[in-house]
Amino acid sequence: MTTSSAAAGAVAKDGKTSRKVIITCAVTGSVHTPTMTPYLPITPDQIAKESIAAAEAGASIIHLHARDPKDGRPTPSADVFMQFLPRIKQNTDAVINITTGGSLGMTMEDRLAAPLRAKPELCSLNMGSMNFGIFHITQKIDKWQHEWEKAYVEKTKDLIVSNTFGQIERFIQELGQGCGTRFECECYDVGHLYTLAHFLDRKLLEPPLFVQTIFGVLGGIGPHPEDLSHMRRTADRLFGGDYQWSILAAGRHQMSLATMGATMGANVRVGLEDSIYLGPGQLAKSNADQVKKIRNILTELSLEIATPAEARAMLKLKGGDKVAF
């Protein structure tokens, strides 16, 4: 069986095989709302501080959304992004990764606004339209801090996250070809891997691919270990050694599946976008706490953590000096 380039490793000076593991931290996202945790970074200042702390804790990639500083709702405003992007760049060497997914209800122009202005090294790119259900959370919450939150969560029962072939191609053309941005290709199910292979076959995307396989979102593939193994086998068959594999698991599955994936050759992603917990029933008080936890796990597994420079080399990124912020 072929292996991903993340699993292939490199020969260290002592002759032993070693590899570097990229830790991505998704700092705020657009899934969780202020009522769900008091630790969710909302303002540009909070997002900047959380990002810098996560980088200092060991994250070499920082994945970013923006929020309205007044009430925490997701916003596509490039002006809001520009209130924290330069600050993060000035205080860390981390790779900055900007969302193109945005949030439910955002138009393509909304989703492209900040990335086209910032021209980052890396952007997320969802590889298919899907149901993305968080509506069941309303059963656990009686009082909401802000009027928008309950309706925002409930509408996931009836709305589809849209990522058509045409939309994906537009992101690739305008950001990839237009700005030199590469992509964190987000695959929530097996079919998304085949869609990614389609764009690779058309030479619209070039290796090494950064394949983020995502588990445990209602509407996508489940969080069972066999689901993880199946996604890995499929990616190996489709992409051979031309990809860097990464694991993202939602909610309580975050650390366990990231650990399992790491033992199989994966990079990992943590952060309050994906889970608001540090352990069973224990809210994470910061993104850095999650980064520290997964870093400690990786270290105990005798795995080495990739620096930002090493992550750039592994993903063949254009460099932090070629962005527009």
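Reader: Where does P208 lie?

Author: P208 lies in the loop between α8 and β11 (209–215). Helices here are DSSP runs of H or I with at least four residues, strands are runs of E with at least two, and both are numbered from the N terminus. This is a predicted model: local features need pLDDT of at least 70, side-chain atom pairs count only at pLDDT 80 or more, and totals for chains, interfaces and linings use all residues. Residues are numbered from 1 along each chain as its sequence is written, and side-chain values use heavy atoms, with hydrogens and water left out.

Reader: What kind of peptide bond joins P207 and P208?

Author: A cis one, with omega at about 0 degrees.

Reader: How is α7 placed against α8, and what is that placement called?

Author: Two packed helices are described by the angle and the distance between their axes. Axes are lines fitted to C-alpha atoms, for helices over the stretch in contact, and angles run from 0 to 180 degrees between N-to-C directions. The axes of α7 and α8 (residues 190–201) come within 12 Å and cross at roughly 50 degrees. So α7 is oblique to α8. The cut-offs: under 35 degrees is roughly parallel, over 145 roughly antiparallel, 65 to 115 roughly perpendicular, and the rest oblique.

Reader: Which residues make that contact?

Author: F165, I168, E169 and I172 come from α7, and T195, H198 and F199 from α8. Contact means heavy atoms within 4.5 Å. By class, four of these residues are nonpolar, two polar and one charged. Ala, Val, Leu, Ile, Met, Phe, Trp, Tyr, Cys and Pro count as nonpolar, Asp, Glu, Lys and Arg as charged, and the others, Gly among them, as polar.

Reader: What is the angle between α5 and α7, and what is it called?

Author: The axes of α5 (residues 108–118) and α7 (residues 165–179) cross at roughly 15 degrees and come within 11 Å. That makes α5 roughly parallel to α7. Here M108, E109, R111, L112, P115 and L116 of α5 meet Q167, R170, F171, E174, L175 and C179 of α7. This contact has seven nonpolar, one polar and four charged residues.

Reader: Are C179 and C185 buried or exposed?

Author: Buried means under 20% relative accessible area, exposed over 50%, and partly exposed in between (1.4 Å probe, protein chains only). C179 has 13%, so it is buried. C185 has 1%, so it is buried too.

Reader: Is S302 buried or exposed?

Author: S302 has 66% relative accessible area, so it is exposed. S302 sits in the loop between α11 (287–300) and β16 (304–305). Its phi is positive, about 65 degrees, although S302 is not a glycine.

Reader: And K316: buried or exposed?

Author: K316 has 57% relative accessibility, so it counts as exposed. K316 lies in the segment after α12 (308–315). K316 is not a glycine, yet its phi is positive, about 55 degrees.
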